Structure formats: structure tokens, C-alpha cells
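Please read the notes below alongside the model.

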Amino acid sequence: MLRILIKSIRTGVVTEPPPHDSETERLGIEVKRQIDRRFHGALAIRHVDAGSCNGCELEIHALNNPYYDVERFGVHFVASPRHADLLLVTGPVSRHMEAALRRAWEATPNPRWVIAAGSCACDGGEFGISYASCGAVENVIPVDVRIPGCPPTPTVLLQGLLAAFER
Amino acid sequence: MSRSSALQSLLEACALIGVQTGPPDPRSLVPATVVPVEAGDWARVAEAAKSAGLRWSALWVDPLEAGFEAFCLLEGDGQYLVLRTLVALDQALPSHAGIHAAADRPERHAHDLLGIIFANAPDGRRWTRHQAWPETRFPLLPEHPLRPEDQAASVADSSYVFAAAQGAGVVEIPVGPIHAGIIEPGHFRFLAVGETVLNLEQHLGYVHKGIEKLAVGRNADGLARLAARVSGDSTVAHSWAACQALERATGIEPPPRALWLRAILAERERIANHIGDIGAICNDVGFSFAQYQFSRLREQLARDNLDAFGHRLMMDQVVPGGVTRDIDPDRIVPMIAQADALAREVRQLIALLEDSESLEDRLMATGRLTPEQALMLGVVGYVGRASGLAFDLRRDAPYPPYDQFEVTVPSYRAGDVAARARIRAEEIDVSLRLLLKLLQSLPTGPIRTPWSTPARPAEGLGMIDGWRGEIITYVRLDDQGRVARFFPRDPSWLNWPALELMMQGNIVPDFPVCNKSVNGSYSGHDL
């Protein structure tokens, strides 16, 4: 145990402090200010992959890595739509996910926001409308903010959150 | 074994049970050898393949004007064989699923999209189709439009029949399609007694986007763009497989520098995903220190990718005939230094993880897939390598530029979560060493051969070892040079069933860590 602790402490030195990323920092502080004002300090997000290729998920995951660490700004991801202020939806909505997405939206308490994240969620992207896909998220549930990008980078996702507050 | 041995042993096994095959054709789907088979003999040849020790790898079906053409890919010692047969519209093709377990879901997928009937199939349930289109419509048939006019909102697929169990204390736990996290959707049905899992059954297909249909009529560039989005975490590997298939179909060869650059991209993709998954596996058993460290390294890689290639996931870099972006010569030396530093840091972190008894306690013997089960299912990639199946295309069926390098393939037999995590760690090391060699030996010259698709029918196979394992891609072009058939077979098709088996006897709370250790792609599987 002592060896592990010693190694952990040493590895702590290996860990660089998150680099001063001015863009993330500036956006984060602005997001935090808005969250404090409008959501009493905590914004709960339920992410729903409605048909994504998993590219957007990688970037949403990155929001939680030590570089962006969005929790420090009061943003956290929750397991149930019933706990959520906001649905973050990725992918074109596959027709096999249509009912599940609608149910998640219905389970989210009002007032609720929906952000369509990624090109597919915004306009159907590479997949569009077909026998298997409803295309854009707004074809299934009302959308408040669109964040384009294939996939949107974590910084662009943060900017999108800000755009939601500025509505 | 000699070069002809996979074919030889199949033909001998066929002769033994009195099955005739057509003349082998080594040219139309290189590097595989095509073995024409009568539709009636389809299952018997599969039996011969089993007795010859060949691995069942993929099945795809191409709709013809009056019937179907079915293809089955087999592999033995790195040599690939394609069984090929014509099936009349009113004819049922004898199922492979009772002989090779891996054939079950691909056959059901082929039926759901094309209507081809498999005789004596052990599982007659639908697979990819939910409720979005009626049982009598087969969307991949040419007579059905990509975008039908008469579509109403699709309802939830609540009538799918799962395996059931009865008895005191048996509970059924439905999970998904939306999971409690930032992950892809799919449904898992557990049968449990207390915490212990009796059975897990998957119901996938939720992110079916009609990729095979969307490909039809596209040009080569359009196909590469679509292939890059089959599974976003494997964007390099899938677009490489599609481009390789296109290049083999048309005979257009990418220049050597492009091949080296593709391998650099692919190794970076492998490293990034393995790094991310090791952190996530540790996180799933509450060891957040590792998650912190590994997600930090992954982010560094994404940022370096953005700097060097203009995209954090390196999407749309691999295109027909080459790649879109060259490496700035000034970057080579810093990239080598970065790879070197990363290798050191990962080794240091892995040593630390190996020191943790609690991690060992949680990961060892958890989610065990025995070598016998692995062989029975025909799993690939790190799932196979952790259970005694040390197959890696880069070593066993090398495509350029891997034919120029030695690739070490780690392998264990424990088959538990710990073994799969260890394989990932060792593969990172192998990939970083490969990356160094690739950077040091990068040939000079152009990065793309000008592309113009010949206006004649052609077909080709792409076979790439992605970070999840063997990716197979079949492309057929029509007489205008447009895509007539595109089938990307993600390794997840073969690995998803392993998760069902490995959960038996484990506890429900260990499902996330077992699932992460396999990390099947939903999108790559559902298409």
C-alpha cells in the first residue's frame, strides 16, 4: 500500500496541471456565470445518442477530461432524463430510436432545453432522411440550439452551451 | 503452412464429404481466393470449413435481378477464402448458423434487409429490423426507394421475444436502449438471481441508419466519407478498408508515402482508443486515478491530431488513392519525441496499475471468455487475443505498409477483463514502436494518386486491422463506376456475442466493466 501511495504521489508529479487553456477557461467562466444565475449553480444534462456514429460521444466525453473538466463550471451529466434540465442529442434520429428519444424528452421536466449536437443532429448530416433515419433531431422533438461540427470539438460544445443561455 | 494450404485443406475436407466446388479463382477478390459453391452445398461446405479448422469471418449478400449472390469469408493462417454462390429468388440458402455460431446475426441481418431466406436457421427472430418497416418489405432491394413516402412515426420494438427463465428469485432486468452514460444505445436483457447473472441477451439495431443503402449510387469520394462515419471511433480504419476495396476493384494504387501516412493515422487511432478504454475500465471499478491520467493522455493525442492532421479524430483523411494531408517535415522530429514520451508515460502508469491489489481483485477472473468459447464464437481483435486467438492482420495477412514491418501480437489465455486490459496496454506499446519506425522510414513522394473510377463493373475486398480487430469491406461498382454494393463488417459483429457468454455467472454490477473491456461498436454493427 505504501508503495502504491509513494507511486501515486510520484505520478502526481507526472500529472501536468491542466494547461492554461484560455479559450476553455473564458468560455467556462461565462458558462458558470450563466448556470449560477439561471440554474442555481448546477446544470444537469442528459445525453441521448439517437443514432450517432459515436464520434460526437467521444467529444462529449472529452468535456469531462481534466483539460475541460466541465463539472467545475457546474455542468454535470445525469443518468435519468427526470433529473435533467437539458437534453443533449447526437446523431441523426434513427427510426429505431425515434420512440425512445420522444419518451426521454417527455420524461424531462419543464422547462427543458434541447441541444442538437453535431452535424447529423442539426440537419441529418451524412445520413439525412431515409427508410431508417428521421434526419435532424428537430424532425422528432423541438430543438432550442444547434451545434454543428463533425464532430463538434469540446470547445465548440461549450460555445453551444453558452449560445443556449443567450437565447 | 504453405500459401495454398487454407484452400487445400478446404478442398480436401470437401472431397471427404463428397462436395464438389467450382474452380478456385484467386484473381477477382484479391487477396482472397474465391471458391464457387452450389447454393445447395452452402452448409456442407461450411461444415468442411469447420473440420478444416477455418474461421468463419463474414457474410454478405448482393441482390441481383432475379435472386441473390451470397458471399462467405473464411480465414485460416492468414489466408482468406470467399465462398460464393447464386441463390434463386424462390430458393432458401442452407444456414451456416448451426455450424458456425458467428453466422447467426449476419444471416438474420441479411434476411431483414434483403429477404433472402436461410433454411434450418436456429434462430428465426428478426435482428436489425425493429418496427420501422414492415416484415414484408426489404429496404436494401433495389425496388425500394431510399426514402419511402408513406412513413409514419416508428413505434418502440416491444414485441421482441427474449429468452425467459422461471424459478424462485429469478428476475428480468431490462436495460436500454438509452443507457445511463454517454454511450451508444442498445438493449440488454438480464436474467438474474440476486446479483448473479444467469443469462444476458442483447437486442441491437437501434442505431441502424441504412448505411448499406445510402452507399448505393455514390462515387468513390462519397463512399469514403460514408465509410468514415460507420463507426466514429474507427474512422481511419473503416475509411482505409473502404478505400482499399475501391483501390483493389479499380487497380489504382496509392503511392507509398500515402500508405505510410495511413498506417501512422491508424496506429494513432489504435493508441488513442486503447488509452481511453484502459482509463474507462479502471473507472468502472472505481479507480478514478487511472481515468484522470488516461483521459489526459487521450486528450493530448486528440490535440496533436488536430495540429498535425486538422481533425481531432483524423476523420476524412483517408481518401480513394491516398490521403488528404501530408505531415509537415518539421513535425517529424517532434512527433517522434512525443511518441517516445508517451510510450514511457504509459509504461509507467501501467506498472502502477499492476501494483494495485484492488484493481487486480476486481478485474481478474471477471468476465471470463474461455479460449474454447472464443474459438467457438470466432472472436477477433483484443477480445480474441486475450482468449488465446492471436490473430492480427498486420502480422498474419499483412497489407502495405505492414508487410515492411514486424508486428508483435500479444496474446493471453485468461480471457478475463484483466487480460483484455493488458492486451490493450501491450498493443499501445507495439503501436508506439511501429509509429516510430513509420515516421523514421516515411517515403518521399506524392500522397495521392489521381482518382478516376473506370466506368466498368468491378468489385474489391478491403481488409484492415482496426483497433477493435479485423474489418472486412466489400465494394461492388456498377458499369458507371458508381457504388452498387457496400458492406462494411465491423469486428463488433463477431465480438458482441462474446459479451453475452462472459456475463454468465458474473454479477450485474460488473456489467459496465465487462462491456467496456469488449467495447463493441453499436453504430458499426447496426449500420
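1. The buried residues of α2(B) pack against α1 (5–16), β3 (67–76), β4 (79–87) and β5 (93–94) of chain B. In helix α2 (residues 42–51) of chain B, the buried positions are B:Trp42, B:Ala43, B:Val45, B:Ala46, B:Ala48 and B:Ala49. Buried means that 20 or more other C-beta atoms, placed from the backbone, lie within 10 Å of the residue's own. Helices (H or I, at least four residues) and strands (E, at least two) are DSSP runs, numbered from the N terminus. Just after α2(B), B:Gly53 has a positive phi of about 80°.

2. This is a predicted model: local features need pLDDT of at least 70, side-chain atom pairs count only at pLDDT 80 or more, and totals for chains, interfaces and linings use all residues. Residues are numbered from 1 along each chain as its sequence is written, with chains lettered from A and ligands numbered from 1 in the order in which they are written. Chain B has a mean pLDDT (the predictor's confidence in each residue, from 0 to 100) of 95, and 99% of its residues reach 70 or more. For the complex, the predictor gives an ipTM of 0.94 and a pTM of 0.95.

3. Between the chains, 45 residues of chain A are in contact (C-beta atoms, placed from the backbone, within 7 Å) with 52 residues of chain B. On the chain A side, the elements giving two or more residues are α1 (2–14), β1 (43–49), α3 (55–62) and α4 (98–107).

Key
Two residues are in contact if their C-beta atoms, placed from the backbone, lie within 7 Å. A residue is buried if 20 or more other C-beta atoms lie within 10 Å of its own, exposed if 12 or fewer, and partly exposed in between; C-beta atoms are placed from the backbone.
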